Amino acid sequence: MDTNTKLRTRSREYFARAQQYLVEGVNSPSRGAAVYSPGPIALERGRGSHLWDVDGNEYVDFMMSFGALIHGHAHPRIVEVVSKSIAEGSHFAAATPAETEAAERFRRMVPSAEVVRFANTGSEATMLALRLARAHTGRTKFLKFEGHYHGWYDPYCLNGHSHPIEQLGPPENPAKIPDSEGIPPSVFDDVIIAPWNDLPTLKSILRREGRDLAAIITEPIMANMGCIPPRDGYLQAVCDLAHHYGALFILDEVVTGFRYAPGGCQQLFHLTPDLCTFGKALGAGFPIGAVAGPRAILDRMRWSEHMVLHYGTFNGHRLTMNVVAANLDLLSGEGVHRRLFATGDPAIAGLRDVFRKRKIAAIVQGFGPMFQIYFTARDAIYDYRDYCQYVDTKKYSRFVHHLLDHGIYMTPSNGLHWIISTVHSEPDVRRLIEAADQACAELS
Ligand SMILES: Cc1ncc(COP(=O)(O)O)c(C=O)c1O
């Protein structure tokens, strides 16, 4: 494998062309020149854990489509299912055996899923979960944590980006900072913000606001400020508090679902959320979202004068449902999740070793299939405010740009996280450690 991938002439040419018709030359701001310098790398094909760009450079991929590719690129079983499905007719927008097959497997794997509704993205799933929670409780407000991302639906788009600590306001009453223009400020009147991983502060906020809340929504592992695990017992305490105030506990497993355990973090941490949302790994590279929970809540979508509306031409897309069923079969295989940990944990340990030997102040947070590197003098990053104050995100970006030059594909954005798929191998991990060592030597 070529370890020097510096020449990206054709990538630059594509970027120049793309900018003529696509905003920033891409279809999501996290993929453009604001993140990748001097511009994005145009990728052409992937196989297993490896990727190739248009200039023929090869990379080991640790971004894995932001976690969607749980089995890597072009997994033979997924290719087979897609080829067959597409030849038979990809979608009918009608009842199919495929959605039954997918739902039965989903139900078997996700402990709290009495029933499931499939949508097309994680954002659609979290939108629907909030609508269901509001309908079920008859309340409008909900609580979201600082630094958590639940998709780009208006009410979730605040306090999701990093800001200087002076702008954040007191923890007991955080300033509401929109992540986007174009959202009426009144939308945020119904959103209560709290710091995460901080039970005393949450309790004090709930004493003030709890009785008006339809839901508390949380990621089980904070995955959009890198990778921040919950403190021991924290998630169960949040769930208990939500119930104490008559609110639903929504666990957003769009990132963690099917990754940390067959049944996601609810299984890993023994939680029973009222609603849970999924996406990414559920679709093994195809667009998917899902909301699951008890029939008593999801049945509110049944056709009636008072139903919770959830339409969608592409809901239960036949081809995707076949992929989901095949994917869940693969994920139910013996030892699959054990292997994800057996690959991820040595990668984490190896990176820690590199930073220690190179005397670089950096920590690696997370475990098993997902982790993040923080350039910081702190021993741990516990929440959004730590991230905003103590993490050198610019240094991380420089580090990842060096890694890209050494054949490791990852986004330079510190807010994302490293992903281990079922097809990453020991040589991939060794390659990462070697490249990280070289990148450390090059860090100024
Ligand atoms: C925790 C979480 N929830 C929801 C979403 C939205 O998912 P999608 O990008 O599929 O709309 C994301 C996306 O990164 C996420 O990380």
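I began with strand E11 (residues 362-367), which pairs with E12 in the antiparallel sense over six bridges. I count two strands as paired if DSSP finds at least two bridges between them, and I take helices (H or I, at least four residues) and strands (E, at least two) as DSSP runs, numbered from the N terminus. The model is predicted, with local features needing pLDDT of at least 70 and side-chain atom pairs counting only at pLDDT 80 or more, while totals for chains, interfaces and linings use all residues. Residues are numbered from 1 along each chain as its sequence is written, and side-chain values use heavy atoms, with hydrogens and water left out.

**E12 and its partners**

I looked up the bridge partner of Ala362 in E12 and found Phe375. The hairpin of E11 and E12 has two residues between the strands, and Gly368 takes a positive phi near 55° there. E12 also pairs with strand E14 (residues 418-419), again in the antiparallel sense, over two bridges, and I noted that Phe371 stands opposite Trp418 in E14.

I then asked why strand E12 (residues 370-375) is described as largely enclosed by the rest of the structure. Six of its six residues are buried, so the strand is largely enclosed; buried means under 20% relative accessible area, exposed over 50%, and partly exposed in between (1.4 Å probe, protein chains only). Met370, Gln372 and Tyr374 point one way from E12, whereas Phe371, Ile373 and Phe375 point the other way, and all are buried.

Elsewhere I traced an open sheet of four strands in the order E1-E2-E3-E13, with mixed pairing. Its edge strands, each pairing on one side only, are E1 (43-47) and E13 (408-409). Strand E3 (residues 58-61) pairs with E13 in the parallel sense over two bridges, and Asp61 stands opposite Tyr409 in E13.

I next turned to Val54, in the loop between strand E2 (50-53) and E3; at 9% relative accessibility, Val54 counts as buried. Leaving aside residues up to four places away in sequence, Val54 touches Arg10, Ser11, Tyr14, Ala42 and Glu44, where contact means heavy atoms within 4.5 Å. Of these, I followed Arg10, which is 44 residues from Val54 in sequence and 6.2 Å from Val54 in space, C-alpha to C-alpha.

**The ligand shell**

Which residues are around the ligand? I listed Thr121, Gly122, Ser123, Tyr149, His150, Gly151, Glu219, Asn224, Asp252, Val254, Val255 and Lys280, a residue being near if one of its heavy atoms lies within 4 Å. The shell divides into three nonpolar, six polar and three charged residues.

For individual atom pairs, I noted a polar side-chain atom of Asp252 at 2.7 Å from a nitrogen atom of the ligand, and a backbone N or O atom of Tyr149 at 3.4 Å from a ligand nitrogen atom. An N or O atom in the side chain of Lys280 is 3.0 Å from an oxygen atom of the ligand. The protein covers 84% of the 390 Å² of accessible area that the ligand has on its own, by the Shrake-Rupley method with a 1.4 Å probe.

Finally, I checked Ser123, a residue of this shell, and placed Ser123 in helix H5 (residues 122-137). Ser123 is buried, with a relative accessible area of 11%, and touches His150, Gly151 and Trp152, not counting residues up to four places away in sequence.

Definitions and conventions
Polar contact = N/O pair within 3.5 Å; in protein donor to acceptor, adjacent residues only side chain to side chain. Nonpolar A, V, L, I, M, F, W, Y, C, P; charged D, E, K, R; others polar.
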